[in-house]
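Colleague: I would like to learn how to read a structure, one feature at a time. Please give the general idea first and then the case.

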Amino acid sequence: MAVRELSSLEKYLGLKKPNKYSTQGDKKNNNGPPLAGLATIAHQLVKEAERPELLGDTAESRAVVHQWLEYSVTKLDSYTKEDIKIILKDLSLYLLDKVYLAGNQFTVADTLMYYGIHPVMVDLTIQEKERYVTVTRWFDHIQHHPGVRQRLPPVLIHRNRIYMADTIEI
Amino acid sequence: MAAGTLYTYPENWRAFKAQIAAQYSGARLKVASTSPAFTFGQTNRTPAFLNNFPLGKVPAYQGDDGFCLFESNAIAHYLSNDALRGATPQAAAQVLQWVNFADSEIIPPASAWVFPTLGIMQFNKQATEQAKEDVKRALTVLNQHLNTRTFLVGERVSLADISVACSMLWLYKQVLEPAFRQPYSNVTRWFVTCVNQPEFKAVLGEVKLCEKMAQFDAKKFSEMQPKKDTPPKKEKAGKEAAKPQEKKEKKKEEKKPAPEEEMDDCDAVLAAEPKTKDPFAHLSKSTFVMDEFKRKYSNEDTLTVALPHFWEHFDREGYSIWYSQYKYPEELTLTFKSCNLITGMFQRLDKLRKNAFASVILFGTNNDSSISGIWIFRGQELAFTLSEDWQIDYESYDWRKLDSDSEECKTMVKEYFAWEGDFKHVGKAFNQGKVFK
Ligand SMILES: N[C@@H](CCC(=O)N[C@@H](CS)C(=O)NCC(=O)O)C(=O)O
């Protein structure tokens with residue numbers, strides 16, 4: 001996933017010079033050693049854009065941001081149908097009592113997760129979106145966050161239950 | 001962009017709505033909640049306040065441009081931006097829907113449940129049980145709505161979230177313990193997110209969710225009861241917690257506490273105010289009616305009407321006349337600054353208005369001026385010693401009690417009230433006068 005997601009993130013951050021990545025997802029740092037790994041690069045980009053709040057506003061949420069960046073890299077790079085189920089279940093449970101992935105504010109973890117999971121969400125049936133209602137709610141909120149969606153097609157969300165209420169899965 | 005002052009008592013959840021809206025919109029809002037700017041129960045009963053806000057209730061907003069508003073929801077609406085109010089007709093209507101939902105579905109049962117736990121209302125088991133059921137109903141509606149939504153209207157914080165969250169502050173702080181709120185996890189997720197937004201936090205501080213449901217606080221309740229000798233409270237129509245709700249009324253007929261025993265959050269704040277007992281209470285009734293004189297002074301000619309009226313009715317037992325002189329005339333520089341010194345003192349003495357009258361005059365010009373005045377006080381002592389609030393300015397003045405029968409007094413009263421005459425004792429020309437009334 002790395003390159004596409006990172007260039008989306010760059011656009012979201014309003015950074016001017018796109019395509020600075022090698023195909024391995026490494027970014028050549030002008031005045032430092034080469035950086036490796038999506039999480040590290042995302043960090044670097046946010047710093048470059050001078051948006052430190054996107055990395056979390058407390059030590060705890062900064063740690064959580066990092067954890068979810070790693071999760072996006074490892075789990076959403078390539079996956080099987082079975083993997084998807086697990087990912088959706090993980091997220092569902094996690095988002096039960098949360099609006100954002102880390103803390104009470106929107107962070108870069110939400111952005112990258114959104115880019116990473118977008119292809120999955122596009123393919124979900126209405127029933128599946130209902131089953132993973134907390135993910136759906138989170139996803140809808142993030143796709144409406146100014147500047148995040150860019151050219152990606154919006155995923156349609158139904159607010160009113162069509163299927164049975166007790167199919168919610170967490 | 002709106003800019004103005006919000007009058008309220010401190011920590012008023014109704015005022016919070018307006019304050020949070022202002023945080024989002026960037027409206028410049030000063031909050032006047034403490035003395036000397038505002039004292040709940042006093043400032044809001046002055047004629048000046050009632051003139052702008054006929055109900056005398058807070059929160060109340062006055063713009064720097066003079067624009068006045070009461071009713072917290074209207075104030076919050078005014079201080080919002082379009083995004084908070086709802087950018088489309090549909091969104092705006094939905095915002096209104098939730099604002100009203102907070103007032104009519106949450107506040108009445110929340111008050112009935114929470115107030116006894118704060119010791120400001122008698123406990124009544126049936127009323128509390130009914131209130132819990134009503135709160136559950138409101139929570140169920142919210143929980144369902146928030147199942148698929150992050151915020152109440154659209155995908156961002158609106159006035160709907162601000163109003164509903166503020167109306168639930170007491171519930172979440174006092175009684176919604178984890179077990180009770182467990183079935184409403186969407187509501188709690190939403191509430192916690194709201195109160196942790198920087199704009200909410202700036203106003204609310206840290207909001208700590210209830211860990212154990214608070215119960216009736218009998219001790220506090222008995223302490224808070226108004227003493228028997230205090231004058232009866234004025235009729236309170238439409239008291240939120242005591243709003244008649246027919247179906248409930250039937251059920252709890254048997255053991256409803258007498259309405260005069262009930263307090264609401266407003267009364268509680270009043271009761272908690274440090275007791276400023278009327279410092280003039282010990283004086284016997286006077287025949288001199290200060291307000292009557294002030295009316296004459298304001299509306300009619302001073303020399304031909306107001307002064308004769310004054311001397312005809314002045315009661316030398318009940319009142320005293322004082323000459324005041326600013327101690328540090330060498331420090332007076334620009335005249336506008338000197339004037340501010342006088343008007344500032346008047347403002348700080350606001351609570352004294354009922355029992356005092358003064359005409360204070362600035363003489364001279366820039367860098368060569370003096371301030372002196374004539375004061376009429378209830379009683380025979382300087383009223384300033386009666387209350388701490390009044391002592392800020394008085395030490396900067398020399399005070400001399402005048403014999404009301406003396407020629408000196410008659411002349412000074414005449415000259416100072418009329419702002420004309422020789423002012424022999426001054427030796428500088430009249431510049432401008434200020435009247436405390
Ligand atoms: N519906 C009004 C209620 C205002 C209100 O009841 N204010 C009370 C304080 S909680 C008050 O100022 N009472 C003073 C009085 O009644 O003299 C609002 O939301 O602003």
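Colleague: Which polar backbone atom is 2.6 Å from an oxygen atom of the ligand?

Modeller: A polar contact is a pair of N or O atoms within 3.5 Å; within protein, one atom must be able to donate a hydrogen and the other to accept it, and residues adjacent in sequence count only if both atoms are side-chain atoms. Here the atom belongs to B:Val58, 2.6 Å from a ligand oxygen. Before going on, note that this is a predicted model, where local features need pLDDT of at least 70, side-chain atom pairs count only at pLDDT 80 or more, and totals for chains, interfaces and linings use all residues. Residues are numbered from 1 along each chain as its sequence is written, chains are lettered from A and ligands numbered from 1 in the order in which they are written, and side-chain values use heavy atoms, with hydrogens and water left out.

Colleague: Which side chains have an N or O atom at 2.8 Å from a ligand nitrogen or at 2.6 Å from a ligand oxygen?

Modeller: The side chain of B:Glu71 is 2.8 Å from a nitrogen atom of the ligand, and that of B:Ser72 is 2.6 Å from an oxygen atom. A residue is near a molecule or strand if one of its heavy atoms lies within 4 Å of it. There are 13 residues around the ligand, and among those that come nearest are B:Lys57 and B:Cys266.

Colleague: How many helices and strands does chain A have?

Modeller: Helices (H or I, at least four residues) and strands (E, at least two) are DSSP runs, numbered from the N terminus. Chain A has seven helices and zero strands.

Colleague: What span should helix H3 of chain A have?

Modeller: The expected span is 1.5 Å times one less than the number of residues. For the 17 residues of H3(A), 59–75, that gives 24 Å, and the end C-alpha atoms are 24 Å apart, which agrees.

Colleague: Which residues of H3(A) are buried?

Modeller: Buried means under 20% relative accessible area, exposed over 50%, and partly exposed in between (1.4 Å probe, protein chains only). In H3(A) the buried ones are A:Ser61, A:Val64, A:Val65, A:Trp68, A:Leu69, A:Tyr71 and A:Ser72. They lie on the same side of H3(A) because they cover an arc of only 160° around the axis, taken from the directions from the helix axis to the C-beta atoms. An α-helix has 3.6 residues a turn, so residues three or four places apart point the same way. The face turned away from the buried side carries the exposed residues A:Ala59 and A:Thr74.

Colleague: What covers the buried residues of H3(A)?

Modeller: Contact means heavy atoms within 4.5 Å. The cover includes H2 (38–48), H4 (81–94) and H5 (108–123) of chain A.

Colleague: Where does A:Phe106 lie, and is this residue buried or exposed?

Modeller: A:Phe106 is in the loop between H4 and H5 of chain A, and is buried, with a relative accessible area of 8%. Leaving out residues up to four places away in sequence, A:Phe106 touches several residues, including A:Tyr12, A:Leu54 and A:His145.

Colleague: In which sense do strands E6 and E7 of chain B run?

Modeller: Two strands pair if DSSP finds at least two bridges between them. E6(B) and E7(B) run antiparallel, joined by 10 bridges, and B:Leu362 has B:Ile371 as its bridge partner. E6(B) also pairs with E9(B), in the antiparallel sense over six bridges, where B:Val360 stands opposite B:Lys434. Nine of the 10 residues of E6(B) are buried.
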